[in-house]
Each structure stands twice: as structure tokens, then as C-alpha cells.
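Here's a quick tour of a two-chain model, written for someone just getting started. Have a look at the structure first, then work through the points below.

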Amino acid sequence: MASHGLTYDGCNFFRQRLLLSTLSGKHVKIKNIRSRDDEPGLRDFEASFIRLLDKVTNGSRIEINQTGTTLFYQPGLLYGGSIEHDCNPQRSVGYYLEALLMLAPFMKTPLKATLRGVTNDPTDPTVDLLKSTSLPLMKKFGIDGEAFELKVVKRGMAPGGGGEVVFTCPVRKTIRPVQLTEPGKIKRIRGVAYSVRVSPQMGNRIVESARSVLNQFLPDIYIYTDHMKGVNSGKSPGFGLTLVAETLNGCFLSAEMSSTPQGQGDPVLPEDLGRNCAKLLLEEVYRGGCVDSSNQSLALLLMTLGQQDVSKVLLGPLSPYTIEFLRHIRDFFQVMFKIEVQKPLEDERKGGDKVLMTCVGVGYSNLSKTIK
Amino acid sequence: HSERESDEEEEQGALKWKEGLQQKAAEAFLRQQAAAPNLRKLVYGSVVEAQESEEEEEELGGLFRVSRPQQSKKVQANTLDCSRFHPDTFHNWDVEEMLDSIRDCFVTGKWEEGHDAA
């Protein structure tokens with residue numbers, strides 16, 4: 001594999017660096033991790049993330065200095081298989097799962113990951129969001145099949161957690177290039193209003209207030225109420241809403257909100273949460289594109305790793321996280337995207353500026369995939 | 001011809017602005033191009049720029065720090081690693097104009113020529 005590695009400063013974009021390192025085979029060194037902080041070095045959730053990477057790979061070398069401020073990572077082979085991981089509850093399962101989604105198609109054997117911890121919190125994308133937007137997006141790149149699913153077995157709200165999800169993903173030798181330039185009109189809005197360890201009425205209150213905003217645009221709105229009980233309800237009380245708008249061309253735009261974790265700040269009313277989440281979805285529709293803001297980097301990665309052909313994807317404004325991801329893709333794969341801004345026409349009522357991303361895939365092929 | 005020549009001589013000072021119009025136009029165009037938000041430059045930048053900003057910060061180091069959102073790589077080096085997009089400003093979705101601005105994103109909105117609901 002490539003012999004030269006890359007060096008970065010600080011703990012930000014930690015997952016991007018490690019997963020791109022794993023995919024490209026280039027080793028990476030991260031220095032000055034919170035070196036000026038009162039508590040310097042890696043946090044528990046980052047250590048937990050490294051352990052997860054170690055579980056899905058074979059032969060990775062990880063060296064951390066005594067204060068935890070410097071990390072050296074020499075990636076091994078992506079092995080996959082059946083793994084279980086207790087995700088540190090400082091971050092929700094979404095934090096870990098976002099990276100697994102990007103790695104899973106390139107394993108030697110199909111991945112079956114059982115992740116336990118916080119399934120829903122206000123910081124990271126929740127498992128419900130990833131399930132309803134990331135999976136359909138990956139299907140467009142040719143990653144599909146019966147064994148491709150994300151199941152929420154138990155729900156666990158922050159801070160206690162206690163949730164469990166099972167993610168299974170088939171392996172692919174190559175990734176199909178895509179042309180997603182026309183999102184199409186939004187035909188329906190679906191959603192999940194979840195609640196655990198609170199009155200089941202919370203779900204209905206969320207649904208009603210969210211509908212009051214969204215019904216101004218569409219009649220076809222259905223928001224499921226998901227109230228888990230007993231052992232499936234985790235350790236902390238809470239509720240939240242995930243909304244997904246589906247277009248005629250099968251693109252998904254999403255927004256979500258979770259209640260404030262118990263004992264961390266002001267509690268939020270379900271009515272306010274529903275209404276604000278619906279407005280967040282409108283904001284996402286205004287941004288627009290064929291891929292929503294939380295899945296931009298996933299789409300760009302799969303474009304980069306596609307066969308040696310042109311891929312085009314229309315996005316809304318690039319998020320700061322995505323911009324950094326593009327820089328990292330350049331560092332690890334030497335791929336630079338063509339970035340064109342598309343201004344809306346004079347009489348068009350389709351939200352703000354869009355960004356058309358074009359690149360030629362590196363022709364990444366998963367050589368370790370087992371052939372049956 | 002002689003008349004024009006003399007005219008030219010007379011107005012040489014006044015007509016100086018006419019010289020190299022094409023070149024000026026080209027320069028103005030390039031200036032405008034540079035001023036318009038060039039996303040590619042924003043994302044990938046140039047190597048020279050990155051080095052410059054680093055030096056500047058070191059010079060100022062210690063008590064003061066110039067905060068430049070686009071170049072503050074050092075500042076954001078240790079912030080939260082999160083993929084959520086939190087824009088600086090949200091639109092006000094209670095006003096009718098805002099709601100109107102996205103009407104055509106929905107099947108209930110206006111359709112372009114040549115497309116229809118079927």
C-alpha cells in the first residue's frame with residue numbers, strides 16, 4: 001500500500017481522517033489533540049471509536065502517546081463479519097454508525113454490527129435519520145440487497161442510553177457512478193415521532209404541531225408514532241421527531257430534533273419541538289439538492305470511490321463538515337471536485353443556490369471481497 | 001487624415017482612458033471573477049494562501065487572535081466533530097414570502113412546461 005502518510009492537528013474531523021486512512025491504506029498521525037485543554041488528549045468516545053475501527057479491521061496498528069494528545073494509525077484490512085460494540089454514551093450511535101456506513105461496502109465479508117448505546121440525542125444524526133436517508137442514498141450507488149438494513153431494536157435516549165441497533169450491509173466490489181442532478185418535486189413527507197419513558201401522548205402532540213406547519217404544502221403527510229416500552233425503552237426518558245421529504249425521483253431530504261437530555265438544560269415542549277422540526281425541514285427543502293445536508297459527505301465519498309467514470313450530484317450549500325471532507329478526500333485520494341454554483345431562475349420558487357458537484361471516480365475496487 | 005492626426009494630438013491627454021480598453025475590460029472581468037464567491041477556491045484554497053495565514057497567526061500569537069472564519073483552521077482544530085449543518089442564520093418560516101419561496105419544490109406547486117404530474 002501507499003507508503004507515505006498524512007499528519008493532522010487537533011481532534012476535529014477525527015472520524016473522517018481515520019476512515020479515509022482505512023479506505024486509502026495511508027497511515028495517519030494526528031497531533032495536538034486538545035493539547036491546550038484542561039483535560040488534554042483523546043476522550044472516551046474517541047477511544048471507543050478507535051476500538052470499533054479495530055474490530056472491523058484486521059491488523060491495524062494504533063499507537064497513542066501517554067497523554068493521549070498524539071495518535072498514530074496504520075490501517076489494516078477491512079474484515080467485517082459479525083461484531084458487537086458498546087458505543088460510549090458521550091456520543092450517540094449515529095456518530096459511530098456514520099463511519100460504519102462509509103466503510104461497510106468495502107469489507108472482506110458482509111458486516112453485521114450490533115451497536116449499543118444512545119440511539120437518539122440532539123447532537124448527532126439519530127439512527128432513525130440514517131435509516132431513512134443514508135440507506136436509500138447508498139442504494140443509488142448500487143449497494144442494496146436483502147441484507148442491507150438498519151434495525152432499531154431498542155431505543156435509548158441520552159444521557160443514559162441503553163438502546164440497540166443492528167446494521168447489516170452487503171459487500172460490493174465496485175461502486176456504481178451516479179448522475180443525480182434533478183431532485184424532482186416532493187411528493188410526500190414521512191416521519192417518526194418517538195417517545196420513551198414519557199406519556200405516549202407526547203408522540204401525538206408532536207405529530208399534530210408538525211402537521212400544522214407542513215400541511216400548508218402537501219396533503220400526503222404521515223408521521224408514525226413509535227412508543228417503545230419496557231426493556232426496549234432504554235435508561236432515560238425523552239422524545240423526538242425525524243421528518244423525511246421524499247421526491248418523485250427518489251431523493252430524500254430530512255430534518256430532526258430530539259428533546260433535551262434529562263438534566264441538561266431547559267426541557268422542551270413537544271408542541272414546540274414538532275413545529276420547530278417542521279420548520280427545519282422547510283429550511284432543508286430551501287437548501288435543496290438531491291442529497292440532504294447530513295448525507296453530503298457520504299454521497300461525495302461514494303462518488304470518489306466509484307468506477308472511473310463521471311459522477312454528478314446536485315447538493316444544497318456545502319456544510320463546513322463537508323468542505324473539510326472534500327479537503328480530506330483530496331489529501332487521501334487526490335480527487336478534486338468540480339464545484340459549480342447554480343443560481344435559481346428569476347421566477348422559480350425552489351429555494352436558494354444549489355451546488356453541482358462533479359468528479360471522476362478513482363476506480364476503487366474492493367480486492368478483499370470474498371468470491372463465492 | 002491629417003485632420004484626425006492633429007485632433008489626436010490635441011486630445012491625447014483627454015483620451016488616455018481609451019487606451020487598452022480591451023485589456024482593462026479583461027482585467028475588470030478577472031477582478032469580478034475573483035470577487036464572486038468561488039467555491040472551488042474556498043474549498044481547496046491555494047497552497048500559498050494556507051502558508052500565509054499560518055505565519056500571520058503565529059506573528060500575532062499570544063494575547064490576540066484574528067478570527068477569520070475561512071482561514072481559522074487552527075481555531076477549529078479541536079472543536080466538536082459533528083456532521084450536522086448548523087447555518088449561522090435561519091429563515092423565518094412564519095412569513096408568507098418565505099413559504100412562497102419553496103412552493104415549487106412540492107408536487108402541489110407550479111410545474112415546468114413539458115413536465116406533468118403523471
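Chain A has an accessible surface of about 14,500 Å², and 49% of that belongs to carbon and sulfur atoms. Keep in mind that this is a predicted model. With that said, let's take each chain in turn and then look at where they meet.

**Chain A on its own**

- Chain A is built from eight helices and 18 strands.
- Of its 372 residues, 59% are buried.
- Now for who touches whom inside chain A: take the contacts with a separation of 6 or more, and 74% of them join residues 24 or more positions apart.

**Chain B on its own**

- Chain B has five helices and zero strands, so to speak an α-α-α-α-α run when you read from the N terminus on.
- Buried residues account for 19% of the 118 residues here in chain B.
- The accessible surface of chain B is about 9,800 Å², with 52% of it on carbon and sulfur atoms.

**How much the chains cover up**

- Between them, chain A and chain B bury about 4,600 Å², and carbon and sulfur atoms carry 56% of that.
- Three residues stand out on the chain A side: Lys185(A), Phe217(A) and Arg349(A) provide 18% of the area that chain A buries against chain B, more than any other three residues.
- How many residues does each chain bring to the contact? Chain A brings 59 residues, and chain B brings 36 residues.

**What holds hands across the interface**

- You'll find four salt bridges between chain A and chain B.
- One salt bridge pairs the side chains of Arg15(A) and Asp81(B), at 3.1 Å from N to O.

**The chain A side of the interface**

- Which elements of chain A give two or more residues to the side that touches chain B? The helices are α1 (14-24), α3 (93-103), α6 (270-287) and α8 (320-333), and the strands are β12 (186-196) and β17 (338-342).
- Sort the residues on this side of chain A by type and you get 29 nonpolar, eleven polar and 19 charged.

Terms used
Residues numbered from 1 in each chain as written. Chains lettered and ligands numbered in written order. Predicted model: local features only at pLDDT ≥ 70, side-chain atom pairs only at ≥ 80, totals over all residues. Heavy atoms only, no water. Contact = heavy atoms within 4.5 Å. Buried area = accessible area lost by both parts, 1.4 Å probe. Helix = DSSP H or I, 4+ residues; strand = E, 2+ residues; numbered from the N terminus. Nonpolar A, V, L, I, M, F, W, Y, C, P; charged D, E, K, R; others polar. Buried < 20%, exposed > 50% of the residue type's maximum accessible area, 1.4 Å probe, protein only. Areas by Shrake-Rupley, 256 points an atom, 1.4 Å probe, with all protein chains shown as cover.
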